[in-house]
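Student: I would like to learn how to read a protein model, one feature at a time. Please give the general idea before the case at hand.

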Amino acid sequence: PRKSVGTAYLAYSGRLLAEIAQALGKAKDAAQYRDTAEKAVKAYRAAFTDNGKITSDRQCEYVRAIAFALLGEEESQAAADTLNRMVAENGYHLNTGFLSTPFLCEVLAKYGYADTAYKLLLQDTAPSWLYEVKQGATTVWETWTGIDANGHPSESLNHYSYGAICGWLFGGVCGIHYADGVLTIAPTPDKSLGSAKAAYDSPAGRIVSGWRYDGDAVTYEFEIPANLTADVTLPDGRKLTLAPGKHTV
């Protein structure tokens, strides 16, 4: 029922369909969907921004506009700045729902607020992922307080949506990106977590990326499958091209 959400998704879906049609060799369809996406972006900006500025008091509106490329780069940075402030003012708690939570930490980290993304990841009071863990959860709940402090359950207790944070654990924390036969790895380590390691069984074979802190020093471990090379970018600016095999950096 919220028109800003529907318009944002029309732009996002149109863009995806254009890419799919292009890959399938359907140029006419690709042009049609691309046109739909472009018009939806214009409609979103006209109806739901003030000359490219989001004015909502909801975290989700900032996340979605940035993640779906509905804003220019400077506008996205300004929106991320505001989003970061909103999260901090909320005691480093999120207030996003199913549709924007998957993009929240990714957006924050991309625009310079990885520390805030980690504070959200490691938050253990509701609403948060680790609140569920503290309550003894072995599944992901439909609501952030699926079992309250008094032990009373509500809604579904096996409902994956909020578990979409795992996408950022693989693609952000450990930095694995594999598409169209191209592997890039750009981890985002943070001392608050201490260490992390992810293994992805891709169509090309198992890809592993991990890191660990020893004091202020960070050690990285990578495993690249056969017949593939990885372009690795580290937070200190180093760029490496890794051949198949195991590597410690």
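Student: How many helices and strands does the chain have?

Tutor: Helices (H or I, at least four residues) and strands (E, at least two) are DSSP runs, numbered from the N terminus. Here the chain has eight helices and eight strands. This is a predicted model, in which local features need pLDDT of at least 70, side-chain atom pairs count only at pLDDT 80 or more, and totals for chains, interfaces and linings use all residues. Residues are numbered from 1 along each chain as its sequence is written, and side-chain values use heavy atoms, with hydrogens and water left out.

Student: In what order do β1, β2, β6 and β7 lie in their sheet?

Tutor: Two strands pair if DSSP finds at least two bridges between them. These four strands form an open sheet in the order β1-β2-β6-β7, and the pairing is mixed. β1 (176-179) and β7 (239-242) are at the edges with a single partner strand each, so one side of each has no neighbour in the sheet. From one strand to the next, the twist averages 20 degrees; axes are lines fitted to C-alpha atoms, for helices over the stretch in contact, and angles run from 0 to 180 degrees between N-to-C directions.

Student: How many bridges join β1 to β2?

Tutor: Four bridges join β1 to β2 (residues 182-185), and the two run antiparallel. For Ala179, the bridge partner in β2 is Val182.

Student: How are two packed helices described?

Tutor: By the angle between their axes and the distance between the axes. Helix α6 (residues 114-122) and helix α8 (residues 166-173) pack at about 145 degrees, with axes 13 Å apart. Contact means heavy atoms within 4.5 Å. Ala117, Tyr118 and Leu121 of α6 meet Trp168, Leu169 and Val173 of α8.

Student: What share of the chain is buried?

Tutor: Buried means under 20% relative accessible area, exposed over 50%, partly exposed in between (1.4 Å probe, protein chains only). Buried residues make up 37% of the 249 residues in the chain. The C-alpha atoms fill a box of roughly 55 × 50 × 35 Å along the principal axes.
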